[in-house]
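The sequence and the model come first.

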Amino acid sequence: MDNHSPDVVEFGPRTHALVTGGAGFLGSALVDLLLDRNCSVTVIDDLSNGSLRNLPVGNPRLTIRTFRVGSPAFNAAVHDEVGLADAVFHLASPIGVQLAHTERFAVTSGILESGCAIVEACRLHRRPLLYTSSSEVYGSGRDRPITESDPVVTDLRPRWGYAAAKAAVEHLIAGLFFDFGIPAWIVRPFNMAGPRQRSATGLVLPVFVNSALRGEPLVVHDDGEQRRAFLHVTDAAEGLLLVMQCRSLRGRPVNLGGSEAVQIGNLARMVVEATNTNAPIVMKSSNAVYGEKFAVTHDRVPDTSLLSTMTGWRPLRSTRQTIADCIEHMRTERVMA
Ligand SMILES: NC(=O)c1ccc[n+]([C@@H]2O[C@H](COP(=O)([O-])OP(=O)(O)OC[C@H]3O[C@@H](n4cnc5c(N)ncnc54)[C@H](O)[C@@H]3O)[C@@H](O)[C@H]2O)c1
C-alpha cells in the first residue's frame, strides 16, 4: 500500500498518525491505542483543556507539539505535520455545552478556524482525515434512537453555535472526499465518558462523580428523565480506528455512542451508589442554571447500527464499568493533587 494516498488506513509500525487534541480525554485514549499498535504519533494540543499528564511523555514513538491549530502563526507548522502523517485525526475543539452556551463566539470560531486549517492542509497534502463532529448537530434530541439520516438542526440560541460550526466543518470534510477524492470520515460522538474526562467542562458524569466524592449535592437538571447513552472512552477510541479502516464510511456521517440508555436522574443514583457516599441529589431547572435562552435537550440516544454493520464495532464496556473507571480516575487524581 502507498501509505500516503490510501483509501483506508492500516494502523501498524509503518504508520505515522497525527492527532490534534491528543492531550485531551478522547485524544489521549486514541494515542494509547495507536501506540499499542506500534504506530508513531504526533500530538498537537494547545493544552486549553488537555494535559501532558494524559500522555506517555518520553515514549520515543510520541512527539508532542503544544500550539493552537487555527492560529495563523502556526499554519506552517500544521502543514508540516500533516505532510508527515499517513493519517490525521482532528479532535482539537473547544467542548462542553456550558462553554458553548456562555462563550458562543470563541467556541464557534475556534471550531471553524481549526477545522479550516486542518482541512486545507489535508487537501494540499492529500492526507486521509477523520473528523470528530458531535451529536449536538441533531439539536434538541428525539424520543427514539437517532440515525445519521435524522436532520441537522440548529438555531441562533447560543448553545447551537458549537453544533453549527461542527456541521459546517462536516461539509468541508465531505467536500474533501467528494470534490477532491481525499479519503475523509465524519464521526458524530454522543456522550463519551471514563478516565481523564474533566469535571470542569461541565460534562455530566465527571460533574456527578466530583460532587459525590466531595459529599456535595448532585444537581440533576429538569425532571431528570432525559436519557443519554454513555460510551466508554476506550470503546470510542477503538471505534475511531475502525471507522478509518472502512472504505464505505468515507464522506458520510457515522454515529458513535453507547447502547444503554440511562435517565440522568438514575445516573445520579448510580454514581452515589458506586462512590458509596451519602451525597444528596437535588433537582434544578436548566433554565435556572443557564438562563432563559438555554436550549434544553431531552432524549439523545444514538442508533449505531451503521457503524456496527459496516465495521463489526460494538461497545464492550457497560455504563457501570464506565462509571467505575471514571470514579477510580478521579479518586487517583485527588490523591495526587
Ligand atoms: N466528550 C464527548 O462526549 C464528546 C461528544 C461529542 C463530540 N466530542 C468531540 O470529540 C473531540 C474530543 O473531545 P474530548 O471530550 O476529548 O475533549 P477534550 O477537551 O478533552 O479534548 C480536546 C483537546 O483539544 C485541545 N484543543 C482545543 N482547541 C485546540 C486548538 N485550536 N488547537 C490545539 N488543541 C486544541 C484541548 O486542549 C483538548 O486537549 C472534540 O472534537 C469534541 O468536540 C466529544
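## Basis

This is a predicted model, in which local features need pLDDT of at least 70, side-chain atom pairs count only at pLDDT 80 or more, and totals for chains, interfaces and linings use all residues. Residues are numbered from 1 along each chain as its sequence is written, and side-chain values use heavy atoms, with hydrogens and water left out.

## Ligand shell

The ligand has 28 residues around it, of which Leu 26, Asp 45, Asn 49, Leu 91 and Tyr 162 come nearest; a residue counts as near if one of its heavy atoms lies within 4 Å. By class the shell holds 13 nonpolar, eleven polar and four charged residues, where Tyr and Cys count as nonpolar and Gly as polar. Helices α1 (25-36) and α5 (160-180) each supply at least two shell residues; helices are DSSP runs of H or I with at least four residues, and strands are runs of E with at least two.

## Polar contacts and burial

Polar contacts are pairs of N or O atoms within 3.5 Å. A polar backbone atom of Val 69 is 2.8 Å from a ligand nitrogen. Ligand oxygen atoms lie 3.0 Å from a backbone N or O atom of Met 192 and 3.4 Å from one of Phe 190. The protein buries 95% of the 820 Å² that the ligand exposes when taken alone (Shrake-Rupley method, 1.4 Å probe).

## Helix α11

Helix α11 (residues 319-336) has 18 residues and spans 26 Å between its first and last C-alpha, close to the expected 26 Å, which is 1.5 Å times one less than the number of residues. Its buried residues (under 20% relative accessible area, 1.4 Å probe, protein chains only) are Thr 319, Thr 322, Ile 323, Asp 325, Cys 326, Ile 327 and Met 330. Their cover includes β7 (192-193), α6 (204-214) and α8 (264-275).

Definitions and conventions
A polar contact is a pair of N or O atoms within 3.5 Å; within protein, one must be able to donate a hydrogen and the other to accept it, and residues adjacent in sequence count only if both atoms are side-chain atoms. Buried means under 20% relative accessible area, exposed over 50%, partly exposed in between (1.4 Å probe, protein chains only). Contact means heavy atoms within 4.5 Å.
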